Amino acid sequence: MPTLPDPGARPRRTPDRLPAFTLYGEVPSGPGALVLHIESIDSRSRLYDWEIDAHVHQGLHQVLWLRTGRVAAMLDETRISAQGPCALVIPPGVAHAFSFSPGSEGHVFTVNATRLAEGEAPGQGGVGEALQTLFARPRSLGPAPDGAEVGRLQALFEALLAEHLASDAGSPVPLWLARAVVWRLAQLALREDRDSAKGAQGGRRAASADRQSLYTRWVVLMESHYLEHWPVSRYAERLGLSTERLNRMVRAETGQNAQALLHARLAREACRRLVHVAVPVSRLGFELGFEDPAYFCRFFKRLTGLSPRAYRAAQGVG
């Protein structure tokens, strides 16, 4: 069986020139874009002779699901050689490159974790916990080839792709399926960790996982408390960081500081409720944590360019 080229052996770009894409080879979206995308491996990799050079995705989480075929991968400094079925997990900011065997089949799933976490009630076993479990570190997950898990995962990825390609604008189904994919893979990660946990080696993994998962933990924490208007310093304290370090981390991933993301999240929720909840603007502002209706209106106009009433009118809501 021919050996695949090692992507880590290709000429490496200097860190400040490592390309950042939303989707490989495409101009990146703006900071904090709420991406939820899935495509087949061959739809993009075939265009590049089955070799994807080193790059990063800022603020985006990615899973490569290889159903059949082989892949040689670089995830930061880790080299992985795997055969399908397997999943490669790529947290935000991790440099990665792939070399596939021609004809490999599978899917590449890319998402902004905020998109998955939005609207999820905090609690045990939800998507927030699954995100932290799955994206704690870059890794390879290998379900048993003849196990039921492979069929369930393949069915989820195929359904997600079909729904993503459908022209049903505004459908919540892709989001539901994406959450199911993350939850299912997180359960697989938990089982593999339990099977391989050993003494000191497990301690080193835990320390590494804590560092790798900080951004995901921030996303989940933000979603749980943004309506409470926590100051950035409180988020930093809960994450065990200084405010300066939290802002540096968030800016590195999104191009914006933590406060800007908190304000953007509040504005998105306000937009959603203005369209879908028939309550007075003053009450809506109070439900979003604003005690002064006038301040809420000023905040909303600064973020969107429209007053709450003008936004409703623009959306055709009476």
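Is phenylalanine 296 buried or exposed? Phenylalanine 296 is buried, with a relative accessible area of 0%. Buried here means under 20% relative accessible area, exposed means over 50%, and partly exposed lies in between (1.4 Å probe, protein chains only).

## Model and conventions

This is a predicted model: local features need pLDDT of at least 70, side-chain atom pairs count only at pLDDT 80 or more, and totals for chains, interfaces and linings use all residues. Residues are numbered from 1 along each chain as its sequence is written, and side-chain values use heavy atoms, with hydrogens and water left out.

## Confidence

The mean pLDDT of the chain is 83 (the predictor's confidence in each residue, from 0 to 100). A value of 70 or more is reached by 81% of the residues. Strand S3 (residues 61-68) has the highest mean among the elements, 95. Helix H6 (residues 199-212) has the lowest, 46.

One is residues 11-16, with five contacts beyond four places in sequence. The other is residues 199-211, also with five such contacts. Contact means heavy atoms within 4.5 Å. Where pLDDT is low, the predicted coordinates should not be read in detail.

## Overall make-up

The chain holds 13 helices and nine strands. These are DSSP runs, numbered from the N terminus: helices are H or I with at least four residues, strands are E with at least two. Of the 318 residues, 47% count as buried. Among contacts between residues at least 6 apart in sequence, 73% join residues at least 24 apart.

## Nonpolar cores

A nonpolar core is a set of buried Ala, Val, Leu, Ile, Met, Phe, Trp, Tyr and Cys residues joined through side-chain atoms within 4.5 Å. The largest has 64 residues. Phe109, Leu134, Phe157, Leu185, Trp218, Tyr235 and Leu246 touch the most other members. Helix H5 (residues 173-196) supplies the largest share of this core, nine residues. Another core lies apart from it, with 17 residues, among them Leu64, Ala73, Ala82 and Leu88.

Leaving aside neighbours within four places in sequence, its contacts are Ile38, Val63, Trp65, His107, Phe109, Val181 and Leu185.

Strand S1 (residues 36-40) is mostly covered, with four of its five residues buried. S1 pairs with strand S8 (residues 105-111) in the antiparallel sense, over five bridges. Two strands pair if DSSP finds at least two bridges between them. Isoleucine 38 has phenylalanine 109 of S8 as its bridge partner.

Helix H3 (residues 127-134) has six of its eight residues buried, so the helix is largely enclosed by the rest of the structure. The buried residues are Val127, Gly128, Ala130, Leu131, Thr133 and Leu134. They pack against S3, strand S6 (86-90), helix H2 (113-117), strand S9 (139-141), H5 and helix H7 (214-225).

## A four-stranded sheet

Four strands form an open sheet with antiparallel pairing, in the order S2-S7-S4-S5. Strand S2 (51-55) and strand S5 (78-83) stand at the edges; each has a single partner strand, so one side of each is left without a neighbour in the sheet. Neighbouring strands are turned by 15° against each other on average, direction ignored.

S2 and strand S7 (residues 96-100) pair over three bridges, in the antiparallel sense. Glutamate 51 has serine 99 of S7 as its bridge partner.

## Aromatic cluster

The structure holds nine aromatic pairs. Rings of Phe, Tyr and Trp (its six-membered ring) pair if their centres lie within 6.5 Å; planes under 30 degrees apart count as stacked, over 60 as edge-to-face and the rest as tilted. Phenylalanine 290 and phenylalanine 296 form a tilted pair, 5.2 Å centre to centre with 50° between the planes. The rings of phenylalanine 290 and phenylalanine 299 have centres 5.0 Å apart and planes at 45°, so this pair is tilted.

Phenylalanine 290 counts as buried at 5% relative accessibility. Phenylalanine 299 is buried, with a relative accessible area of 2%. Ring pairs link Phe290, Tyr295, Phe296, Phe299, Phe300 and Tyr311 into a cluster.

## Threonine 304

Threonine 304 sits in helix H12 (residues 293-304). At 30% relative accessibility, threonine 304 counts as partly exposed. Its C-alpha atom is separated by 9.3 Å from that of alanine 264, 40 residues apart along the chain.

Key
Axes fitted to C-alpha atoms, helices over the stretch in contact; angles between N-to-C directions.
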